[in-house]
Amino acid sequence: MCEYEYSNGVKCSEDPLKNSRYCALHISFEEGERLLGRKRLEELKLNAVVKKLQNKDLNLEGVYLYRLPIMWEVLNALEIEDIEEDINLSFSKIGEVIIRGSKNRPLKFKNLFIHGAEISGLYVTSAEFQNIYTMPRELYEELKKRVSKVSEDPDSFEITPELIRARDSKMLVDSKAMVDNLWMIRCNGRSLLLNGLNCSNFILANSSVDEVWMNSSKLGQVVLKDIEIFP
Ligand SMILES: [Zn+2]
């Protein structure tokens, strides 16, 4: 088995690559390129992504990828209708993430987690989702438990000040993610909880979201264009 251990303590169940302790997803660029060369490594990583998509398993915590194409063209070719799951990219190192629906059919997913991730470009276009989080997964699970105690609707996830305890605010402040380019175009979502985001180029355009949190974020250029934010 691959030696990567997810933050919930579960080990990755993929087979390791020959002469490595890690699977195609979790092997670092450096080790993978040394063992296999860049071209072969890219192929193996992309095949592993395809397998994940086919299994509708988008827990990609801790992966190293050159490119992650969750695009309608790719899903179409794989005969996958919709994602409608959480996408977990926490602690990953990824070159380009493309999440893209078609103009007349948005790509739907639930939540996107990017805590501790290092991503050069995260491009989300024509998509519908619930929330995007930089907070650690354990804090999310904890808050979800508290929300379910006070709310009938399991999908409603509204963080009100009463739900946050002193320890959590520290964890919220400690949220972090590095996304060099974050572009969100024609997106429809509930909230962008992007505390502690380090981003040189943030574009939010032709989109509608309920709330945006960016406490303790470091932002370079910010472009907001034709957006609606509902309080
Ligand atoms: Zn693995």
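The chain has 5 helices and 9 strands, counted as DSSP runs from the N terminus (helices H or I, at least four residues; strands E, at least two). Along the sequence they follow the pattern α-α-β-α-β-β-β-β-β-α-α-β-β-β. This is a predicted model: local features need pLDDT of at least 70, side-chain atom pairs count only at pLDDT 80 or more, and totals for chains, interfaces and linings use all residues. Residues are numbered from 1 along each chain as its sequence is written.

**Overall shape**
- A compact globule of 231 residues would have a radius of gyration near 17 Å, and the chain agrees with 18 Å. The radius is taken over C-alpha atoms, and the globule rule is 2.2 Å times the number of residues to the power 0.38.
- The C-alpha atoms fill a box of roughly 50 × 40 × 35 Å along the principal axes.

**Strand pairing**
- Strands pair if DSSP finds at least two bridges between them.
- Strand 1 (residues 64-71) and strand 3 (residues 93-100) run parallel, joined by 7 bridges. Here M71 stands opposite R100.
- Strand 3 also runs parallel to strand 6 (residues 118-133), again with 7 bridges. I94 has I119 in strand 6 as its bridge partner.

**Domains**
- The domain assignment gives domain 1 (1-55) and domain 2 (61-229); such bounds come from an automatic or database assignment.
- Their C-alpha centres lie 24 Å apart.
- The contact takes 14 residues from domain 1 and 11 residues from domain 2, where contact means C-beta atoms, placed from the backbone, within 7 Å.
- Helix 2 (residues 38-54) gives the most to the domain 1 side, with 6 residues.

Definitions and conventions
Two residues are in contact if their C-beta atoms, placed from the backbone, lie within 7 Å.
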